[in-house]
Amino acid sequence: MKNMKMKFRRMDLGMSQTELAEKAGVTRQTIGLIEAGDFNPSLNLCISICVALGVTLNDLFWEDSYGQA
Amino acid sequence: MDKRNQLDERQEQIVLKIEHNGCWFAFWALLVALIVEQFIFGFDFKYIAGEWIIFMILAVYLCSACLKNGIWDRHLKANGKTNLIVSAVAAVAFGVVMAVGSAVRYPGHLTGSLAGGLISAVCVFVLIFVCLSILARSYRKRQQEMEQEPEDE
């Protein structure tokens, strides 16, 4: 599933994938794959991305539909 | 047989680690076996052809798969200095093996064994340095392709 929340947050900040990758300590390809929903990042990487984008884990990685039975 | 993955994430990571260790053990053990058989015991190539083919397939697969994914190495950087050091280490190791192997098989010809080892080392150095330089260039090209920023819609 595509992570549009992450992509929109990055775009809101006017940040490129390369810049976010540098801040999170990964390659641009990894950021691209996470946004495209083709790679599941570890919790540590999720936290690094959230710190770089100034948001919480819930803001980027939680969908309201997850809580429904 | 159930085709679904029976392992959870933690178990999957452990299995990958086990397979990683097994792969590298097979790689280095095959290399040592080939060196001992050919250069120490002087086996004819036809007796070690099977091992050699498997070793080369494994080496080519590891190289090409990493290059395709824009990966060079965990610890080493793809630059001239690294290529020089790696080539020199491999050349010295190969030269020593050749010289020792030759001295064991032809006792009494120490000068010839040393000369053979030296010539082999120089040839291996040139060969490995050229190969590494070509591979490093391909890696950098691939890395540039993969790191190109896509346009945000």
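## Cysteines

The sulfur of B:C66 lies 7.3 Å from the closest cysteine sulfur, that of B:C63, which is too far for a bond. A disulfide here is a pair of cysteine sulfur atoms within 2.5 Å, and over all chains of this predicted model the structure holds zero disulfides. A:C50 is likewise in no disulfide, with the nearest cysteine sulfur, in A:C46, 6.6 Å away.

Accessibility is classed by relative accessible area: buried is under 20%, exposed over 50%, and partly exposed in between, with a 1.4 Å probe and protein chains only. A:C50 is buried at 3%, while B:C66 is partly exposed at 30%.

## Basis of the values

Because the model is predicted, local features need pLDDT of at least 70 and side-chain atom pairs count only at pLDDT 80 or more, whereas totals for chains, interfaces and linings use all residues. Residues are numbered from 1 along each chain as its sequence is written, chains are lettered from A and ligands numbered from 1 in the order in which they are written, and side-chain values use heavy atoms, with hydrogens and water left out.

## Interface of chains A and B

Contact means heavy atoms within 4.5 Å; nine residues of chain A are in contact with nine residues of chain B. The buried area, defined as the accessible area (1.4 Å probe) that two parts lose on being put together, summed over both, is about 770 Å² between chain A and chain B, and carbon and sulfur atoms give 33% of that area.

## Two serines in chain B

Helices are DSSP runs (H or I, at least four residues), numbered from the N terminus. B:S102 is in helix α3 (residues 80–105) of chain B, and B:S113 is in helix α4 (residues 110–146) of chain B. B:S102 is buried, with a relative accessible area of 18%; for B:S113, also buried, the value is 2%.

Neighbours within four places in sequence are left aside in what follows. B:S102 is in contact with B:F39 and B:S113. B:S113 is in contact with B:A99, B:S102 and B:A103.
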